[in-house]
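Student: Could you take me through the surroundings of the ligand, up close and in one go?

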Amino acid sequence: MREHPLARVLLRGATGLVLAFLVAPMLAVVVLSFSPTELMVLPPRGFSLRWYEDFLTAGRWVLATRNSFVVAIATTLLATLLGTAAAIGLQLGRFRGKALLVTLLTLPMVTPYIVTAASMYFAYALVGLTGSLPGLVLGHTVVAVPFVVMAVLATLQTFDANLLRAAASLGAPPTAAILRVVVPNIWPGIAAGAVFAFATSLDEFVITLFLAGPGQFTLPRQMYASVREFLTPTILAAATLLFLCSLVFLLASESLRLRSARKTLP
Amino acid sequence: MTDALVRFRGVSKSYDGRTPVVTDLDLDVSRGEFLTLLGPSGSGKTTTLMMLAGFEDPSAGSIELDGVRIDTVPPHRRGIGVVFQNYALFPHMTVAENLAFPLSIRRLKREEIATRTRRALEMVRLPGFGDRRPQQLSGGQQQRVALARALIFAPKLVLLDEPLGALDKQLREELQAEIRRIHAQLGVTMVYVTHDQAEALTLSDRIAVFNEGRIQQLGTAEAVYERPANPFVAGFIGESNRLAARVLDATLLRLEDGSTLEAMPHAFAPGTAVLVSIRPERVLLGPGTQGLANATTARVEEVVYLGDHSRLRLAHAGRTDFVVKLPRQEAVPQPGSLVDLAIPVAAVAVFPA
Amino acid sequence: MRRTNWLAALLIAPLLLLILGSFVVPVGLTLFRAVADREVAAALPETSALLASWDGQGLPPEGAFAAVARELAAALEERRIGDLAQRMNFESTGLRTLLLRTARAGDRLRAPYADALVALDARWGQRDTWLMLQRASGPTTSLYLLRALDLTRTPDGTVTQVAVEEKLFRTLFLRTLWVSLLVTFLCLLLAYPVAYTIARLRAPWSSVALTLVLIPFWSSVLVRTTAWYVLLQREGPVNDALLGLGLLDAPAQILGTRIAVVVALVHVLLPFAILPMHSVMTRLDATYLRAAASLGANGVQRFLRVWLPLSLPGVAAGGAMVFLLAVGMYTAPALIGGDRDQMVTWFIANFMTRDVNWGMAAALSAYLLAMSGAVIALTRLLTGGAVQTGARA
Ligand SMILES: Nc1ncnc2c1ncn2[C@@H]1O[C@H](COP(=O)(O)OP(=O)(O)O)[C@@H](O)[C@H]1O
Ligand SMILES: [Mg+2]
């Protein structure tokens with residue numbers, strides 16, 4: 001069923017413009033990060049890697065990168081472990097109020113981050129968790145874990161419950177059944193959740209702003225501070241590198257999606 | 001029966017606490033027998049099987065295995081093999097890994113596992129298929145693997161829940177023969193669920209006919225077919241014409257159209273409303289029937305040719321849906337013509353209305 | 001099955017504890033903090049107790065004067081007076097100086113304290129001062145929740161509007177609401193044709209177009225906000241382009257304007273509108289359109305009477321998502337927007353870190369939560385709960 005030719009041209013034109021609007025700022029940042037001077041003008045007047053060199057040699061950027069990755073890796077491990085276990089438990093259990101429990105566990109996803117961050121700031125201060133690495137990881141885990149729960153629950157929808165019964169009938173105790181039958185069958189969902197958790201932590205800014213100690217700079221926090229302080233193309237080099245990370249996340253999540261889509265085909 | 005492997009005593013089950021799914025079930029499964037639970041969809045067969053396997057808890061009553069109550073034994077310690085309708089083969093494992101799974105759970109030695117896996121594949125006539133993935137097998141082959149997997153750890157009891165339901169007719173018959181052979185060969189006790197009466201009649205030592213969560217009749221294939229205990233069994237197993245009637249005396253009944261029908265002596269009091277059930281293939285047709293019991297003439301409404309026999313729909317006893325079966329060699333009458341028929345008194349089953 | 005439920009409980013418990021302990025309880029504490037009132041009772045316990053039994057007529061008994069003089073001096077001595085002074089100053093500007101002056105005069109005061117205090121500062125002779133102290137003795141107060149709506153209580157307890165020059169929060173909430181609605185509307189307007197076109201494109205092209213939507217979806221909000229910061233600078237590419245096209249004579253200050261905030265927010269949130277619409281539309285079978293055509297509907301009718309109604313759940317989900325994220329967004333407005341044109345989130349952060357007025361931060365958070373909750377509830381109501389909200393931001 002085709003649209004009227006005129007409508008078609010208009011629709012495609014509008015779509016092209018919107019897509020360009022979506023992608024252009026990112027491309028501009030990438031191009032400007034190779035600028036040979038401090039001037040950020042388009043089209044670029046030459047090409048240089050000096051801002052990347054600056055990024056890699058400036059202590060604070062390196063430290064921020066390291067902090068970001070330490071926190072993101074710890075968050076991903078914690079969120080994936082807890083989120084996967086909880087999702088499997090939610091699928092296994094037969095009790096009332098399951099929907100309510102899912103809502104509760106995924107509440108941080110729809111709560112304004114500023115409220116979450118402020119609340120954590122109050123509460124973590126009471127137990128001395130502010131300004132510490134564990135506190136930061138905990139905060140990131142809270143906002144990252146709902147994505148793991150959702151991703152794993154979605155994959156579990158396509159998991160045949162009879163496989164668990166079969167495993168039990170063959171003598172496998174529940175833990176063995178989960179580790180040897182459930183997990184190998186839903187790993188694309190677990191991995192997709194882990195990618196989401198990692199990306200969420202790497203991006204996270206507001207919670208870090210409140211919970212991190214004076215020396216605990218992550219990449220987003222360092223970027224924010226630098227933009228407010230003095231805008232140099234080094235920030236754009238950092239942004240470009242973060243952007244590359246997000247492309248990796250995109251590729252990973254899409255290939256996992258294709259894989260689990262193929263798995264569910266008969 | 002002293003040699004019962006499984007004993008259900010007063011077992012009831014309701015999922016929501018209100019609607020009964022299985023009601024007050026008493027059932028013994030003898031050692032080595034092939035018992036089939038037969039009944040329409042939703043009659044509680046799967047639920048019964050799942051309670052035995054340990055995947056559902058009974059709401060009331062007790063289940064014994066080998067004289068021991070198993071209510072508190074978790075499924076993985078019951079040692080009961082289960083074949084699921086959708087096979088439930090682990091998609092992330094090869095066929096051989098699927099078969100090895102229960103053995104490796106039981107920590108058998110590697111060589112022992114390899115030998116038993118190979119033998120199991122031979123038993124279900126799939127040697128050389130060990131490295132395939134379940135998805136690479138046909139439905140029938142997957143079913144054989146599922147059967148081998150349920151048997152490989154030598155369980156005393158194997159439960160099969162409509163294992164052939166998804167297969168086409170020919171494959172189904174082939175696998176029925178296979179299952180019978182394996183049952184005879186291993187002497188293992190099997191409880192088999194199906195809604196297909198022909199399958200139940202072919203396979204079973206005994207059949208438990210289920211309806212609405214209760215056993216309607218428990219007996220051999222011959223008993224449930226020839227001597228149904230109630231109208232439901234009569235209607236569910238094989239075909240039957242059901243007619244309403246009223247008792248005249250110890251052998252005579254009056255049908256709705258006013259004609260009389262002679263039956264075997266029964267115990268109903270005169271005047272009682274009863275239900276009469278007559279199997280189509282037991283009605284005698286043709287000129288030679290006049291003079292026999294319950295002889296009459298009826299008009300042919302419709303003739304359906306079915307290869308090995310024909311089905312005639314007759315106007316009889318005030319209705320137009322009286323069905324009889326005509327074996328192949330007989331001459332087929334034309335619709336609208338009149339035929340002679342007789343109903344042997346032994347073919348008239350009388351039930352309370 | 002009881003056994004299975006135990007296992008399920010065991011698997012869920014760690015995450016449940018984590019969420020309860022490090023999210024639900026903290027947010028609950030925040031909500032409590034919006035009404036908690038402990039500073040006065042903590043610093044002046046005896047005074048609070050005495051005032052509790054005062055009937056509010058005339059002036060309190062001499063004992064209250066004595067207690068307040070002694071306890072203020074002690075609080076100053078032990079450096080606990082800061083919280084109290086700030087709390088009372090928030091009640092009425094100027095009370096800070098009164099309390100500090102009295103505290104410093106502490107040991108020079110002699111009985112009868114009523115006369116001594118009034119001599120020190122005439123405000124001790126006013127009933128209102130004492131009424132305010134009495135009301136602030138806790139344990140709860142509606143002060144912050146009222147103030148967040150530009151309301152206050154007079155000393156005798158009636159609710160009134162704050163003075164015109166102190167009015168701030170209603171405008172703030174209206175501004176936040178208005179900007180969020182505008183952003184939501186723009187996102188839906190731009191997203192619908194894009195989602196429609198992508199859903200109807202052929203094989204490789206639909207994937208390419210979808211990837212172009214997913215790229216910004218997966219990239220960091222801060223990276224995208226920074227990109228706009230760079231582009232919109234006075235010497236930045238956007239100004240360059242506008243000058244080059246002759247649309248401007250001199251570089252304009254775009255950063256810090258509301259237009260800049262809206263553009264950046266639309267850019268950041270647009271993927272969250274497109275993706276739910278797209279996922280609904282790809283599931284819409286083209287055979288519906290063929291069926292409609294076979295029944296005689298023309299192109300416009302097919303769209304209006306078949307496609308549009310069927311795609312509305314996606315629109316609702318996308319709209320709710322964008323609105324939720326917009327009202328809660330801190331990063332983009334904080335970086336791009338002007339200090340005089342900020343959103344609720346910015347004020348929460350400011351009350352937290354700069355003013356250290358946690359009661360106000362908590363009250364604003366409570367209203368923000370209520371706003372988000374209302375949107376979620378409304379969406380569930382409209383779409384029958386079929387729509388899942390949630391996304392990275
Ligand atoms: N897990 C369950 N929860 C609720 N009701 C169920 C469940 N399993 C089966 N039932 C209900 O119990 C009844 C019997 O089902 P089942 O034992 O599967 O019958 P059968 O195997 O004979 O078709 C049906 O009405 C079915 O809807
Ligand atoms: Mg069944």
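Tutor: Sorted by class, the shell around ligand 1 holds three nonpolar, six polar and one charged residues. Here Ala, Val, Leu, Ile, Met, Phe, Trp, Tyr, Cys and Pro count as nonpolar, Asp, Glu, Lys and Arg as charged, and the others, Gly among them, as polar. The shell itself consists of B:Tyr15, B:Val21, B:Pro40, B:Ser41, B:Gly42, B:Ser43, B:Gly44, B:Lys45, B:Thr46 and B:Thr47; to be listed, a residue needs a heavy atom within 4 Å of the molecule.

Keep in mind that this is a predicted model, where local features need pLDDT of at least 70, side-chain atom pairs count only at pLDDT 80 or more, and totals for chains, interfaces and linings use all residues. Residues are numbered from 1 along each chain as its sequence is written, chains are lettered from A and ligands numbered from 1 in the order in which they are written, and side-chain values use heavy atoms, with hydrogens and water left out.

Now for the polar contacts, meaning pairs of N or O atoms within 3.5 Å. B:Gly42 puts a polar backbone atom 2.6 Å from an oxygen atom of ligand 1. With B:Gly44, a backbone N or O atom sits 3.1 Å from a ligand oxygen atom. B:Tyr15 uses its side chain: a polar atom there is 3.4 Å from a nitrogen atom of ligand 1. As for cover, ligand 1 on its own exposes 560 Å², and the protein buries 56% of that, with accessible areas taken from the Shrake-Rupley method with a 1.4 Å probe.

Methods. Polar contact = N/O pair within 3.5 Å; in protein donor to acceptor, adjacent residues only side chain to side chain.
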